[in-house]
Amino acid sequence: MTSVFEEKNISKAIMRVGLPSMLGQLTTLIYNIADTFFVSLTKEPATIAAVTLCAPILLIIMSIACIFGMGGSSVIARLLGEGKKEEAGETMNFCVYAMAGAGVMTLILGLLFLQPLAKISGADAENMAYTCDYLKWIFIGAPFIMLANGFVHLFRSVGLIKESTVGLVLGNVINMILDYIFIAIWGWGTAGAALATSLGFLCASVYYIVCMVRQKMLHKYVLPNKIMLRNVVSIGIPGALITVLMSVSNIVLNNYIGIYGSDAVASYGIAYKLDMVPILLSVGLAQGVAPLVGYCYGGNEKKRMADIVKYAVLYGVLMGAVFTAVFILFGKPLAAIFLQEDVLIRQTGYFLTILCLSAPMLGVINMITSYFQALGEAMKSLTITVLRNAVLFIPGVVVLNYFWKLNGVIAAQPVVETILTIICIFMYIRNKNLVSD
């Protein structure tokens, strides 16, 4: 833990915390693409559309874990930077038990309101059955989905970088293996994809719990004091709202794309899955660096903290630029991996060309968001998310759809990310001056 957080070489420190997190996100992406690939073997656009429509619900389940995962991670990293190890351990245990309880509640409520949730997600008569099949097994696995996602953040906050990544990779690899068995061999379609997802998270959760037992980190539940609860929740709820608002914006987007039929939803679903490569790698870099930023802040190392943010943003922008070039050049061949019809391949390649324009900007947006979370300034990170997914994105989809129909809907993402990048830069510069003073 100490050797990671106190590494003096800035670039090396970023790589040590960022690369494992990026690897974990990459395996998550590979699992998502594999999920879509195996479902696409059914050669029914409605099944691909169902998986795309369910993605926001899965994100919302994960966001509940963020209340205690991301919230706890931010608090724990700062406590360790201040040398308060016992308080950090108590905070971690509270977060673990809270995630388990929230997962059980989500399971019950999700199964009770299954069909209404499918309708809200944008399901129609053509894909309703597939959507419900997927959601049922996702809700059954909700406790493990929450635990696995929360553990990733909590482990990073105490310097267990390798264990955090191993658990994430383990869950995703098992998921992909089960995808092949359940869908390609047994023909279970969307239900098989969701069951594979839940079982993958189950295995990851078991691994994390075993690690906690071995590290002697898991103790009896202790009621949190008011300060601990406030500190975790004040960061966690805005952190969770980030994902919730992202899901809401995706639901709105899916409903607008759905106007143009299942083929359009399927094309967008494939393009978005491919565009998730730079998105998740950028998120992985930012989330991996966040505990390091929090540790520096807790230890009052302001200069080192500023250098870490600067270099992390630079690496994120360069990485995004590389992916933009690749997707513009090879969009159609990549789409052809998942689709057979020439019309859908061309449409998907075109969608990808538009979506990828925002990839370089993600290096700024995601790192600045994680920076504010690491400092405990949850409202500023929430402000960025509200601007991104509500104030700018939803009206942008509506307006651009009015003027340019489907092309306008797809273009909403790069337009919004461009505006938001400028806002993030101004917010960071202003906050950096305040922190320095």
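Is Lys216 buried or exposed, and at what relative accessibility?

Author: Lys216 counts as exposed, because its relative accessibility is 69%; exposed means over 50% relative accessible area, buried under 20% and partly exposed in between, with a 1.4 Å probe and protein chains only. The model is predicted, so local features need pLDDT of at least 70 and side-chain atom pairs count only at pLDDT 80 or more, while totals for chains, interfaces and linings use all residues. Residues are numbered from 1 along each chain as its sequence is written, and side-chain values use heavy atoms, with hydrogens and water left out.

Lys216 sits in the loop between α9 (189-214) and α10 (226-258); helices are DSSP runs of H or I with at least four residues, and strands are runs of E with at least two, numbered from the N terminus. Although Lys216 is not a glycine, its phi is positive, at about 60 degrees. Asn300 also has a positive phi in a residue other than glycine, near 60 degrees. Asn300 belongs to the loop between α11 and α12 (302-335), and at 56% relative accessibility it counts as exposed.

The axes of α11 and α12 are 8 Å apart, at an angle of about 175 degrees; axes are lines fitted to C-alpha atoms, for helices over the stretch in contact, and angles run from 0 to 180 degrees between N-to-C directions. That angle makes α11 roughly antiparallel to α12, the class for angles over 145 degrees, where under 35 is roughly parallel, 65 to 115 roughly perpendicular and the rest oblique. The residues of this contact of α11 with α12 are 20 nonpolar, two polar and three charged. Here Ala, Val, Leu, Ile, Met, Phe, Trp, Tyr, Cys and Pro count as nonpolar, Asp, Glu, Lys and Arg as charged, and the others, Gly among them, as polar.

Helix α11 (residues 262-298) also meets helix α13 (residues 342-355): their axes come within 8 Å and cross at roughly 45 degrees. The two helices are therefore oblique to each other. Residues of α11 in this contact include Asp263, Ser267, Tyr268 and Asp275, and those of α13 include Leu344, Gln347, Thr348 and Phe351. By type, the contact of α11 with α13 has 10 nonpolar, three polar and two charged residues.

Ser267 lies in α11 and is buried, with a relative accessible area of 0%. Leaving out residues up to four places away in sequence, Ser267 touches Leu344, Gln347, Thr348 and Phe351, where contact means heavy atoms within 4.5 Å.

The whole structure has zero disulfides, a disulfide being a pair of cysteine sulfur atoms within 2.5 Å. For Cys203, the nearest cysteine sulfur is that of Cys211, 14 Å away. Cys203 counts as partly exposed, because its relative accessibility is 28%. Cys424, in contrast, counts as buried, at 0% relative accessibility. The sulfur of Cys424 lies 18 Å from the closest cysteine sulfur, in Cys66, which is too far for a bond.

One further buried residue is Ile161, with a relative accessible area of 8%. Ile161 is in helix α8 (residues 161-185).
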